[in-house]
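Welcome, and please open your viewer. We will go from stop to stop, selecting a few residues each time and looking at what surrounds them.

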Amino acid sequence: MSISLKTPDEIAAMRVAGQLTAEVLDYITPYVQAGITTDEIDRLCHDYMVNVQQSIPAPLNYAPPGYQPYPKSICSSINHQVCHGVPGERQLRNGDIVNLDVTVIKNGYHGDSSRMYHVGETSLQAKRLCEVTFECLWLGITRVRAGAHLGDVGHAIQRHAEQSGYSVVREFCGHGIGAKFHEEPQVLHYGRPHTGIRLEAGMVFTIEPMINAGKAAIKTMADGWTIVTKDHSLSAQWEHTILVTETGYEVLTTSAGSRQKPDWIGAT
Ligand code: MF3
Ligand code: CO
Ligand code: CO
């Protein structure tokens, strides 16, 4: 097995899929309010993908080895839920933080992105965790260029998370993406500079750090999907799909509503 380099036609298709992914996250933003259930959010996103975009929600019935088919069209992970939260009857409440993770397939290619949303007024700790995690994502993205090593990306993320007093989840990582949802390479959110594979122009992968306010340990809930922090501390995640270029990176999951790189983080 090896890491595919995308052709110009594939890259064009992934720009389209990436933009559609980001546009689902834009679309749902005004609905993320106290009182809505995560099932209602899932249904709104599903209908937008299928009826408006004519895209396919990749999570629905997704069944990697050892997993039951995923039953919903997006993932919604609230507070101490780390990732892969399954939408249900839980209503959002004032003070919740929630990650919405969307993956669309368009013309056979995937885009994968997630953002954090604040419900009403959230705590200072919740705000700081979400901001630091967003910075971790961008510190990782800006290490990406042909010739850099994947360990450079992981290291930049880990250093900022740990210097901020937080911990990096180890069991889940970013991933290559293209005609398949999850391909090689694995993109660890921790590591040492100058280790791991060397990046080449044309590689496409996600960076999606999961950062816990407490300890790094996680556990899986009885539904077989929802991951939570073992110590019930808050957890945050942001995700983009990234193309490696000769001189740097291109973020494929951008849209009118996506947040820009923090100014204090250098371009590359
Ligand atoms: N979107 C997740 C990721 O970033 C994967 C979700 S798998 C699902 O890789 F089946 F839960 F949707
Ligand atoms: Co992903
Ligand atoms: Co995702």
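## First stop: the ligand

Select ligand 1 together with T103: a nitrogen atom of the ligand is 3.4 Å from an N or O atom in the side chain of T103, a polar contact (a pair of N or O atoms within 3.5 Å; within protein, one must be able to donate a hydrogen and the other to accept it, and residues adjacent in sequence count only if both atoms are side-chain atoms). How much of the ligand does the protein bury? Taken alone, ligand 1 exposes 340 Å², and the protein buries 97% of that (accessible areas come from the Shrake-Rupley method with a 1.4 Å probe; for residues, only the protein chains shown count as cover).

Before moving on, a word on what you are viewing: this is a predicted model, in which local features need pLDDT of at least 70 and side-chain atom pairs count only at pLDDT 80 or more, while totals for chains, interfaces and linings use all residues. Residues are numbered from 1 along each chain as its sequence is written, chains are lettered from A and ligands numbered from 1 in the order in which they are written, and side-chain values use heavy atoms, with hydrogens and water left out.

Next, show the residues around the ligand. Of the 14 there, P59, H175, H182, E208 and E239 come nearest (a residue is near a molecule if one of its heavy atoms lies within 4 Å of it).

## Second stop: strand β8

Q186 belongs to strand β8, residues 183-187 (strands are DSSP runs of E, at least two residues, and helices runs of H or I, at least four, numbered from the N terminus). Is Q186 buried or exposed? Q186 counts as exposed because its relative accessible area is 59% (exposed means over 50%, buried under 20%, partly exposed in between, with a 1.4 Å probe and protein chains only). Leaving aside neighbours within four places in sequence, Q186 is in contact with L150, C173 and G174 (heavy atoms within 4.5 Å).

P185 is in strand β8 too. Look at the bond joining E184 and P185: this peptide is cis, with omega about 0°.

Select T142 in the loop between α3 (124-141) and α4 (150-163). T142 is buried, at 4% relative accessibility, and its side chain reaches the backbone oxygen of L139 at 3.3 Å. Beyond four places in sequence, the contacts of T142 include Y249, K261 and T268.

T268 leads us to T247, which touches R145 and T268, not counting residues up to four places away in sequence. T247 sits in the loop between β14 (240-244) and β15 (249-251) and is exposed, at 66% relative accessible area.

## Last stop: two positive phi angles

Which loop holds N107? N107 is in the one between β4 (97-106) and β5 (109-118). Its phi is near 50°, a positive value in a residue other than glycine, and N107 is exposed at 67% relative accessibility.

Finish at H232, in the loop between β12 (227-229) and β13 (235-237). H232 has a positive phi of about 65° although it is not a glycine, and it is partly exposed, at 48%.
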